Amino acid sequence: MLERLNQQPPDALLALIKMHAADPRADKIDLGVGVYRTGQGDTPVFGAIKGAERRLVEEQASKSYLGPEGDMGFVHGLAPIVFGADMAASDRIEGMQTPGGTGAVRLALALAKAGGCKRVMMGTPSWPNHAQILDDLGLELVAFDHATSEGDANFAALEQALSGAGEGDAVLLHGCCHNPTGVDYSNAQWDAIAAMLADSPVLPVLDLAYQGLGQGLEEDAYGLRTVLAAVPEALVAYSCDKNFGLYRDRVGALWAMAADTDVLDRVLSNASSLARANWSMPPDHGGAAVRVVLEDADLTAQWLDELEQMRTRINQVRTKLGEAGTAGSVDLTPYARQQGMFAMLPLSKEQIVALREDHGIYMAGSGRINVAGLTTANIGTFVAALAKVTG
Ligand code: LMR
């Protein structure tokens, strides 16, 4: 039976990590996978997380099973950050821990499917795993252009997609720091999206994987909170990979908002049984560390400070890119007004390969760069190489 399986290509982004690691050039530049890097090019463990981990080592009394919902102290500690205190207290909203943001997206879309969803509207390009998960679940992807060629949100395309959507449809929206384009909806556009969704049977699924890396924790939650305040039901997929630096510990959460508490109970019972069938229960350690951070005022303050340093550095790199003006045929100015860790360069496959082979600059095959991979030491080299391959 197993011989019938076809060979699958390795995940392109994960393969890039290995390709970069194998490159012996000392001046290579990694703009591939989405991990934050300091000005020295490191991805350190947050001090606040180290502090929480020390406490867990000393104080954690058991590693016995929790349940498919994971650590509810983590979920409830995080909820006010995501929703704001008032909305987080609503009895129409409840969540559970998931293995990373991917687990949360998977669960959200599986729940939508179990509720009768057949099609998912999604702005493209998007995080490649979104389409993979939709495909794996047998949900039809209805794509619309996320961004204009000038590097702004293509609001008209979203409007058109939503006006053609109806019963049995969901829309998957990035809450902030769009991956891969860095192009986010403005607050006024979110207001309009919320108004459109309020008048429609389309289920909103919001993916918030970079809260705090755009303009700030509150600012980055504007779209999500505005949509949730307007609609009867929604699903939220959340990741702590970036804003707590917990990548490999796989820390995420799924929240459901339902029209009433009876429906919410049913949604959660479905989420629990889907989780049980998929991974039984999420890994505990990272979620427990986040809980400890959020339960302690000093560790929380330290985390907020570390997050602010990351955001500030990313925005400084963006400003520098914008100041560079153009590099060959690439206009770098839109990157200064976009946000989060990613930007899309309008490059051909050949130009991406030339940057990698001739200049040691690694980026996703789509032309996405991780802005956090640029530093004051390498940004000049990057802009010069870009000018060379596109000039
Ligand atoms: C990315 O987009 O680079 C990250 O979210 C890592 C991943 O899992 O794709």
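I began with Arg 318, which, apart from neighbours within four places in sequence, is in contact with Tyr 335, Ala 336 and Val 371 (contact: C-beta atoms, placed from the backbone, within 7 Å). Arg 318 sits in helix H13, residues 297–324 (helices are DSSP runs of H or I, at least four residues, and strands runs of E, at least two, numbered from the N terminus).

Is Arg 318 buried or exposed? I found it buried, with 22 other C-beta atoms within 10 Å (20 or more count as buried, 12 or fewer as exposed, in between as partly exposed, with C-beta atoms placed from the backbone).

A note on the source: this is a predicted model, where local features need pLDDT of at least 70, side-chain atom pairs count only at pLDDT 80 or more, and totals for chains, interfaces and linings use all residues. Residues are numbered from 1 along each chain as its sequence is written.

Next I looked at the sheet. Seven strands form an open, mixed sheet in the order S2-S8-S7-S6-S5-S3-S4 (strands pair if DSSP finds at least two bridges between them). S2 (93–99) and S4 (140–145) are the edges, each with a single partner strand, so one side of each has no neighbour in the sheet. S2 pairs with S8 (residues 251–257) in the antiparallel sense over seven bridges, and I noted Ala 256 in S8 as the bridge partner of Glu 94.

I found Leu 13, Val 33, Gly 34, Trp 127, Asn 129 and Asn 179 around it (near: C-beta atom, placed from the backbone, within 6 Å).

Definitions and conventions
Contact = placed C-beta atoms within 7 Å.
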